[in-house]
Amino acid sequence: MQDTFRHQGLRKRLVQELRGEGIQNEKILKAIEKIPRHFYIETVFGDDAYENKPFPIGRGQTISNPYTVAYQTELLDLQEGDKVLEIGTGSGYQSAVLAELGADVYTIERHQPLSNKAKKILNHFGYSNVKTFYGDGFKGLPADAPFDKILITAAAPEIPKELLKQLKVNGIMVIPFGEGDTQKMIRIKRLDNNEFEKETFSTFTFVPMLKGVVD
Ligand code: SAH
């Protein structure tokens with residue numbers, strides 16, 4: 001696969017579109033302009049990769065649309081060097097965006113083939129600051145906790161208690177919450193050991209966050 005001038009042009013157009021939809025963080029827009037999204041999705045959709053749409057990535061899962069990726073990343077308020085836990089590696093595209101922003105990324109996927117494929121592509125692009133894990137995101141990564149930020153990229157039926165425990169004080173969790181067709185984007189800040197603040201944002205559609213692993 002190649003990253004052609006045409007692909008680069010399409011990415012510039014996509015960035016303009018995201019700006020028009022209200023994404024303001026220049027670092028995020030720069031990452032989206034840089035990352036060849038067509039490498040992360042099924043090749044048959046090659047040229048459509050820069051439409052603002054989700055795409056199938058196998059196993060009935062989808063890569064989130066670029067607006068959703070940008071929106072969730074903005075809410076995380078990333079700082080250089082932040083230790084970030086991502087639930088739902090999927091294609092690896094969101095992990096690449098976090099890595100471009102200087103985060104130290106830990107990402108979990110419950111479908112082994114997706115996890116393997118994402119690991120391969122993230123290695124291909126030299127993202128040594130991304131560690132991929134095959135496992136159940138509801139459990140998080142107790143051995144690597146605590147995290148500055150936790151990003152959930154699947155529709156959560158509940159706020160996973162184990163993940164709240166793995167969030168640093170002053171840390172932020174971004175989570176699409178709710179079962180059914182749509183979810184509300186929620187941002188949770190850990191103010192103190194037992195004190196959390198919750199804000200509610202726009203409505204999105206995600207594939208469900210499910211328990212257990214699939215090999
Ligand atoms: N961040 C991804 C979005 C993928 S869609 C990207 O940029 O492509 C959400 C992913 O979450 C799916 O791949 C799904 O298999 C995964 N997922 C759902 N429940 C999970 C869980 N409990 N633990 C880990 N991954 C999970």
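Predicted model: local features only at pLDDT ≥ 70, side-chain atom pairs only at ≥ 80, totals over all residues.
Which residues does Ser64 touch, not counting residues up to four places away in sequence?

Residues are numbered from 1 along each chain as its sequence is written, and side-chain values use heavy atoms, with hydrogens and water left out.

View 1. Ser64 touches Arg37, Pro54, Val69 and Phe206, not counting residues up to four places away in sequence, where contact means heavy atoms within 4.5 Å. With a relative accessibility of 18%, Ser64 counts as buried (buried means under 20% relative accessible area, exposed over 50% and partly exposed in between, with a 1.4 Å probe and protein chains only). Although 141 residues separate Ser64 from Thr205 in sequence, their C-alpha atoms are 9.1 Å apart in space. Helices (H or I, at least four residues) and strands (E, at least two) are DSSP runs, numbered from the N terminus.

**View 2. The open sheet of seven strands, in the order E5-E4-E3-E6-E7-E8-E9.** The pairing in this sheet is mixed, and two strands are taken to pair if DSSP finds at least two bridges between them. Strand E5 (130-134) and strand E9 (195-204) are the edge strands, each pairing on one side only, and the twist from one strand to the next averages 15°. Strand E8 (residues 183-192) pairs with E9 in the antiparallel sense over eight bridges, and Ile186 stands opposite Thr200 in E9. Helix H5 (residues 112-124) lies across strand E4 (104-109) and E5, running at about 165° to E5; axes are lines fitted to C-alpha atoms, for helices over the stretch in contact, and angles run from 0 to 180 degrees between N-to-C directions.

**View 3. Strand E6 (residues 147-152) between its two partners, E3 and E7.** Strand E6 is mostly covered, with six of its six residues buried. Four bridges join E6 to strand E3 (residues 83-87) in a parallel arrangement, and Leu85 has Ile150 in E6 as its bridge partner. Strand E7 (residues 167-177) also runs parallel to E6 and is joined to E6 by four bridges, with Leu151 standing opposite Val174 in E7. In the loop between E5 and E6 lies Pro146, and the peptide bond from Ala145 to Pro146 is cis, with omega near 5°.

View 4. Ile172 is buried, with a relative accessible area of 5%.

**View 5. The crossing of helix H1 (residues 5-20) and helix H2 (residues 26-34).** The two axes come within 8 Å and cross at roughly 150°, which makes H1 roughly antiparallel to H2 (angles under 35 degrees count as roughly parallel, over 145 as roughly antiparallel, 65 to 115 as roughly perpendicular and the rest as oblique). Arg11, Lys12, Leu14, Val15, Leu18 and Arg19 in H1 meet Glu26, Leu29, Ile32, Glu33 and Lys34 in H2. By class, this contact has five nonpolar, no polar and six charged residues, where Ala, Val, Leu, Ile, Met, Phe, Trp, Tyr, Cys and Pro count as nonpolar, Asp, Glu, Lys and Arg as charged, and the others, Gly among them, as polar.

**View 6. The crossing of H3 and helix H4 (residues 93-100).** The axes of H3 and H4 come within 11 Å and cross at roughly 40°, which makes H3 oblique to H4. Val69, Gln72, Thr73 and Leu76 of H3 make the contact with Tyr93, Gln94, Val97 and Leu98 of H4. The residues of this contact divide into five nonpolar, three polar and no charged.
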